[in-house]
Each structure stands twice: as structure tokens, then as C-alpha cells.
Amino acid sequence: MQTHEERLDFLKQSLPAIGPSMLKCDFGNLHREMELLHRAQTRVLHLDVMDGHFVPNLSYGPMVIERLRERSRTFFDAHLMISNPQQYLDEYVRVGCDGITVHVEAVPEPTQLLREIRSRGLVAGIAVNPDTEFERVAPFLEEADLFLVMSVQPGFGGQKFLPHVVSKIQAARETGPQGLVISVDGGIGKSTISQCAAAGCDLFVAGSSVFDQPCYSEAMSELRQLAMDAQAV
Ligand code: DX5
Ligand code: ZN
């Protein structure tokens, strides 16, 4: 059983990291996908949970995560795009998630839930949709380990990156708590990752730009290098 500190340390030591989004993987061959991600030295795996209510799409839930857990020791970064995350928290903890991110649009007053996630030894994340203002989430960043900035409308992979969200990354890096992990999700690829890294992002969720490529390992190291180059400027 890992503690909150151990999990957060593992995540931070992995940064900058590319978190492949399992929404875009081949669900007909999960075993093979996990093997390829392992070979690509994936340290953070992004798990998109959708309920067909908070977002107009349905993906997978705890049963699938539980089985993936048996095949991997990487950091499981669960992104809950569901309406009542508090109701299902126990389940996601039980199946082996390392981090749980909830949306401020689903939980308008997330303080208690974020504390609850941390008290279970997990990394606590708060996410914002592209059209939600930074001010809406700013008061809760102290209660979170991770801030997830959505750069597409949540629900589907393969959408176009919305550049107006970059200012939220910058605002969080400049005014948020020290050491906050800042993640961006949606439309991240070779042409969009650098501007997010330069603004202060350190965890980059990538669906199409990993899973639609012939070699995951090459795609991920190329993206990671671009992020490191942009951070260094
Ligand atoms: C969208 C999901 C993303 C998505 C990313 O709701 O949260 O993680 O799968 O896919 P790409 O990288 O293709 O935009
Ligand atoms: Zn996601």
C-alpha cells in the first residue's frame, strides 16, 4: 500500500511526462497495448472514465482498470468525466488508481472530495473544461496535487487543440501552489506540446499522437523531448 507522498513523488520524478490516453488504444487488444506501453517506458497512464452523462460518451470503468492494474506498475492517472465522482470514489481507489482527477463542473465545491482522495493515499486532481474560467478553480488548487487543463471539450479523442486554454496553464504556474503538477489534455501533439510546456505544463496527455503512430516509444520520446526543449527556454 503506497502513501500519498510516495505516489506523488513517483509522479513528480517522472516529469515532464507523456501520459498516453487509453481512450485511443485498441480495446480489442488491451494486453498487447499494455505490453507496447511498457516497452515505451510509460510511467504515467491516463485513464479516461466517461459516464454518458457528464460527457456525451461512454468509455470504461473500474472493472477494466482493475484488469489493467494486474498488467502494469505504472502510475494510473484516472480522469473521471462523471457526474457524481464522490459516489464512486471507493471503487476507483479499490481497483488501484494512483491519482484521481475530478471536474470542477461536476463537483462545484470540491474541497472535501480532494481531501478525501488525498487521505486515501492518492494524488488528488482537479480538472477544468475549456470554457471554465481559471478563477472558478483557483481557490481549490491548494487542496490539489494536480491541475488538469482540458484543451478540447471532454468526451472524445482526436479533437483539435483549443489554444485559449494556455493562459490557464500560465496562471496556475504563476499563482498556484508551488510544486503543483499541471497537466493538459486534448489535441496534444508535435505542433501543440511546446506552447503548453513553455507556459508551465509538465504532464501531457496524448491519445492520437501516441496511439495513431506506428511506434509508441518513438512518438512518446519525441514529444517528451519537445516538451523538455520548450521548458528549457
Ligand atoms: C478527452 C479525453 C482525452 C482524449 C485525448 O475527453 O480526456 O484524454 O482521449 O485524446 P487526443 O490526444 O486524441 O485529443
Ligand atoms: Zn483525459
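Modeller: Helices here are DSSP runs of H or I with at least four residues, and strands are runs of E with at least two, numbered from the N terminus. P16 is found in the loop between α1 (4-13) and β1. This is a predicted model, where local features need pLDDT of at least 70, side-chain atom pairs count only at pLDDT 80 or more, and totals for chains, interfaces and linings use all residues. Residues are numbered from 1 along each chain, chains are lettered from A and ligands numbered from 1 in written order, and side-chain values use heavy atoms without hydrogens or water.

Colleague: What makes the bond between L15 and P16 stand out?

Modeller: Its omega is about -5°, a cis peptide bond. Most peptide bonds are trans.

Colleague: Which residues come nearest to ligand 1?

Modeller: D48, G155, D185, G207 and S208, out of 20 residues around the ligand. A residue counts as near if one of its heavy atoms lies within 4 Å.

Colleague: What makes S208 a polar contact of ligand 1?

Modeller: The cut-off is a pair of N or O atoms within 3.5 Å. A polar side-chain atom of S208 lies 2.4 Å from a ligand 1 oxygen, so the pair qualifies. G155 uses a polar backbone atom, 2.7 Å from an oxygen of ligand 1. H79 has a polar side-chain atom 3.4 Å from an oxygen of ligand 1. The protein covers 99% of the 380 Å² of accessible area that ligand 1 has on its own, by the Shrake-Rupley method with a 1.4 Å probe.

Colleague: Which strands supply the shell around ligand 1?

Modeller: β2 (44-50), β3 (75-81) and β8 (203-206) each give at least two residues. β2 has the largest share, 3 residues. By class, the shell holds 8 nonpolar, 10 polar and 2 charged residues. Gly counts as polar in this scheme.

Colleague: Why is the F27 and Y60 pair called tilted?

Modeller: There are 3 aromatic pairs by the rule. Phe, Tyr and Trp rings (for Trp, the six-membered ring) pair with centres within 6.5 Å; planes under 30 degrees apart are stacked, over 60 edge-to-face, the rest tilted. F27 and Y60 have centres 5.8 Å apart and planes at 55°, so the pair is tilted. F27 is in the loop between β1 (17-20) and α2 (30-39), and Y60 in the loop between β2 and α3 (62-69), so the pair ties together parts 33 residues apart in sequence.

Note on methods
Polar contact = N/O pair within 3.5 Å; in protein donor to acceptor, adjacent residues only side chain to side chain.
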